[in-house]
Amino acid sequence: MTMTPNRFKHLTEAYGADVARWPKAERADAAALMADEPTILREALSEANQLDEALDLWRPPEVRSALREAVVAAAPKRRRRTGWSGWLAPLGLGAGLAGACAAGVLFGAAGFTGVGQTQALDTDVITAATAGYDNAADIVGSGDAV
Amino acid sequence: MVESDPDEALLARVAEGDPAAVRSLVARKLPRILSLAGRMLGDTSAAEDVAQEAFLRVWKMAGQWIPGRARFDTWLHRVVLNLCYDRLRRRREITIADPPEQADEGADPDRGLHAADTGRLVGVAMAALPERQREAIILCHYQELSNIDAADIMGVSVDALESLLARGRRALRAALAPAM
């Protein structure tokens, strides 16, 4: 749209004096016109600015902390892992003990329940127990943070 | 497709239940939607209810959000406006003897009594505007949405939006002339 003094005035009437609220595509042409005809257009801007300033005095409601907390409380929660690594870490067991227990329990469980159920157990802990205690500590420790 | 959406990454983390993302999204959007509802309804308590309800929809939708289809902020504004219009409709159905409570301007000592009074007058003048003019001014002036987003949310053309804005501002100028 070509920028004319009439269009400029219409924009001030619709969007006010703050050019940041004007249609992006027309801002540069409006600035060029303002440079050419500052006197007439300044009057339109000044009138719009008076109304803008009055509108800005209408303050919105403040966010109460009780509202903020209620909104946060209703948000989706992260699901905790429920495998071995999920409950071993909070017990505060040392890395060696955790790894050794996990390995012992798992091998026992495999003996009683067969292969199908063993596969359902936490594979991270199986890997850690067979690979070494240090790795077990990393994996057990990380389980709680997932 | 829409331009890149600054809220999309945060929304994906919300869907995973990331508590820091939840707090960030609430910090970013709650004041914004409370302002929108507060100004649409002129009633802080009703606005808080709307804000809570809108966030329930956000939490429900976060995992199903399809990136690139719409801007989250635009979607959220539409949700809040629909909730506001539901309430305004119900309010109209009940005969109101007294005008609704106006949003609390929260007196600021630096602004003085005159500023607080003018703020209250603006609230009253805005409440007296036809709904669509009020909505257009709230979206463009207070929510600082682009004309394209505001027109999209209202389901009108940009020309129609500009007409609503100009008529609304003219009416406000007349109503507020003694205070300006």
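## Exercises on a predicted model

The accessible surface of chain A comes to about 8400 Å², and carbon and sulfur atoms account for 56% of that surface. The model is predicted.

**Exercise 1.** State how many helices and strands chain A has, and how much of the chain is buried.

*Solution.* Start with the elements: chain A holds nine helices and zero strands. Next, take burial: of the 146 residues in chain A, 33% are buried. Last, turn to the contacts in chain A with a separation of 6 or more: 58% of them join residues 24 or more positions apart.

**Exercise 2.** Find which residues of helix α1 of chain B are buried, and what they pack against.

*Solution.* Helix α1 of chain B spans residues 8–15, and its buried residues are B:Leu10, B:Leu11 and B:Val14. Around the axis they cover an arc of only 100°, so they lie on the same side of α1(B). The buried residues of α1(B) pack against α2, α3 (44–61) and α4 (72–93) of chain B. Just after α1(B) comes B:Gly17, which has a positive phi of about 80°.

**Exercise 3.** Decide whether B:Lys29 is buried or exposed, and list what it touches.

*Solution.* First locate the residue: B:Lys29 is in helix α2 of chain B, residues 19–41. Its relative accessible area is 5%. Buried means under 20%, so B:Lys29 counts as buried. Leaving out residues up to four places away in sequence, B:Lys29 touches B:Asp7, B:Phe55, B:Phe72, B:Asp73 and B:Leu76.

Terms used
Residues numbered from 1 in each chain as written. Chains lettered and ligands numbered in written order. Predicted model: local features only at pLDDT ≥ 70, side-chain atom pairs only at ≥ 80, totals over all residues. Heavy atoms only, no water. Helix = DSSP H or I, 4+ residues; strand = E, 2+ residues; numbered from the N terminus. Buried < 20%, exposed > 50% of the residue type's maximum accessible area, 1.4 Å probe, protein only. Contact = heavy atoms within 4.5 Å. Areas by Shrake-Rupley, 256 points an atom, 1.4 Å probe, with all protein chains shown as cover. Arc of directions from axis to C-beta.
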